[in-house]
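I opened the notebook to look up how two chains meet and what else stands out. The entries follow in the order I looked.

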Amino acid sequence: MPDPISSASTPVLRTRQLHVVLGGRQILHDINLTLHRQEIVTLIGPNGSGKSTLVKALIGAIRPLSGRVDIATGARIGYVPQRLHLDPTLPVSVARFLDLPRRHSRQRVSEALHDAGAGDLRRMAMHHLSGGQFQRVLLARALLMQPDILILDEASQGLDHKGTAAFYKHIEAVRQRYRCAVLMVSHDLHVVMRSANHVVCLNGHICCEGKPERVALSSDYRALFGDHAADSLAFYRHDHEETADVG
Amino acid sequence: MLDDFIWRATLAGILVAMAAAPLGCFVVWRRMAYFGDATAHAAILGVALALMMNISILAGVLAVALLMASCVSLLSGRGVAMDTLLGVMAHSALAIGLVAVSFLSGIRVDLNAYLFGDILAVGKQDLGLIAGGTILVLSLMAWRWSALLTATMSEELAHASGIQPRREQLVLTVALAIVVAVALKVVGALLIAAMLIIPAATARPLSRSPEGMALIAGGVATVAVAAGLKSAYVFDTPTGPTIVSVAALMFVLSSLLSWSYQWVRQ
């Protein structure tokens, strides 16, 4: 593909007419998604709208029926799964977990853990970690790949409100440090408003997308999430703008 | 030394123990206990077919075990109720195998040897085959170790790292079929799954890394083979079941040890 990435506006990931069928059921159709360098795109949508399926198609875990996923040449994907069930019979320390499938230098592992906000958990056993620590180790694992694209699938699941906010604040810092694009799936609309450049609203297909404020006002969005959610977003936006004025 | 049947038996047992230990860890981690059972039980069917077609027992067992393991592994991706299905397959394979053997009226078949093993009858040629199988399985496991571990922890993380979980599953399937084929003579079809699971389960509370667990499981299995052979000789008990009993005893000890350790720490 003669498409070397140079400027910030070239896409680092793009899907064309992606069509996914699982077990005879159409989950996704006509997905045209573009992710630019260093951009944060948030994927929202109700349960069963195909958010996780789309993410799995992007990382190559699901083969689409038709359409394609193009990734800029040489771009690496760091993936943070929704959750990971480690069987309790499998003893593994954080350090060993981060060394799979490829070994990394001790210094890089420590760096990645630090960047993920996981501090010094190297010697801990994975199944002794709290939910928040576990999530940060998964993030560190993605960062070890020096990703150009960081994909997070509802990574805040299992965290409380405060924990979620802290986690997403961290993602923003990580994006700046690693200069990577971020695609995250979220159901927390407040977080979406705060941190996304671009919101994609999914319901089997992309029903609306754009700047968070514009998506919140669209009728498709209201139809999906109800007026209440839309109002709370509008309220948040208002709040946010006021703060911005003061600052 | 190899002219002495006790030495051949000990060596055969230790070789099987070493092949079964790392594979057994994956069987435990991936919750494939029934998978091991189904494949091992299918071995009896393999024996029957080999005798009917007058081919080597090892080839027959290997073929049928491979077929069974592939069937189970193929079905496991389809979201069928695995627990029930594996139960059905494990026991039908055994039953159909026994029925098939009974048709072989013309040939004298020592069924007990295949069900419970006949380690004391391991010949030099058997020993060679067992050694070959063990080396094959250990090389396969060493070669794919990191990929296997990653795929075991999470299929999606494996995909994201460029590993195909289906291919790794196939590696385990092949390794399992080989272990079943070489372990048949040593512990018999009914107890192969025990040699996979018990040493790994015994090693779990004593280990802090996947590699450590595989090594300790190998040690546990080796001790069980050596002590089992000795006890079988002293008490004049059947060898295969005695080896498994010793392994079971070690499992109980290791569990008690870990419980008391946790109790003291609290």
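How many salt bridges does the rule count over all chains? I got 13 salt bridges over all chains. The rule asks for a side-chain nitrogen of Lys or Arg within 4 Å of a carboxyl oxygen of Asp or Glu.

Ground rules noted. This is a predicted model, where local features need pLDDT of at least 70, side-chain atom pairs count only at pLDDT 80 or more, and totals for chains, interfaces and linings use all residues. Residues are numbered from 1 along each chain as its sequence is written, chains are lettered from A and ligands numbered from 1 in the order in which they are written, and side-chain values use heavy atoms, with hydrogens and water left out.

**Entry: a salt bridge inside chain A**
I looked up Asp70(A) and found its side chain in a salt bridge with Arg16(A), at 3.6 Å from N to O. Asp70(A) sits in strand β5 (residues 66–71) and Arg16(A) in strand β1 (residues 11–22) of chain A, so the pair ties together parts that are 54 residues apart in sequence. I took strands (E, at least two residues) and helices (H or I, at least four) as DSSP runs, numbered from the N terminus.

**Entry: the interface**
I counted contact as heavy atoms within 4.5 Å. Chain A gives 26 residues to it and chain B gives 23 residues. The buried area is about 2100 Å², and carbon and sulfur atoms give 61% of that. Buried area here is the accessible area (1.4 Å probe) that two parts lose on being put together, summed over both. In chain A, Thr89(A), Leu90(A) and Pro91(A) lose the most area to chain B, together 25% of what that side buries.

Next I checked charges. The rule finds 3 salt bridges across the interface of chain A and chain B. I noted the one between Glu211(B) and Arg96(A), whose closest N and O atoms are 2.6 Å apart. On the side of chain A that touches chain B, the elements giving two or more residues are α1 (51–59), α2 (94–98) and α4 (131–143) of chain A.

The peptide bond from Leu100(A) to Pro101(A) is cis, with omega near -5°. I placed Pro101(A) in the loop between α2 and α3 (106–115) of chain A. Asp30(A) is not a glycine, yet has a positive phi of about 55°. I found Asp30(A) in strand β2 (residues 25–31) of chain A.
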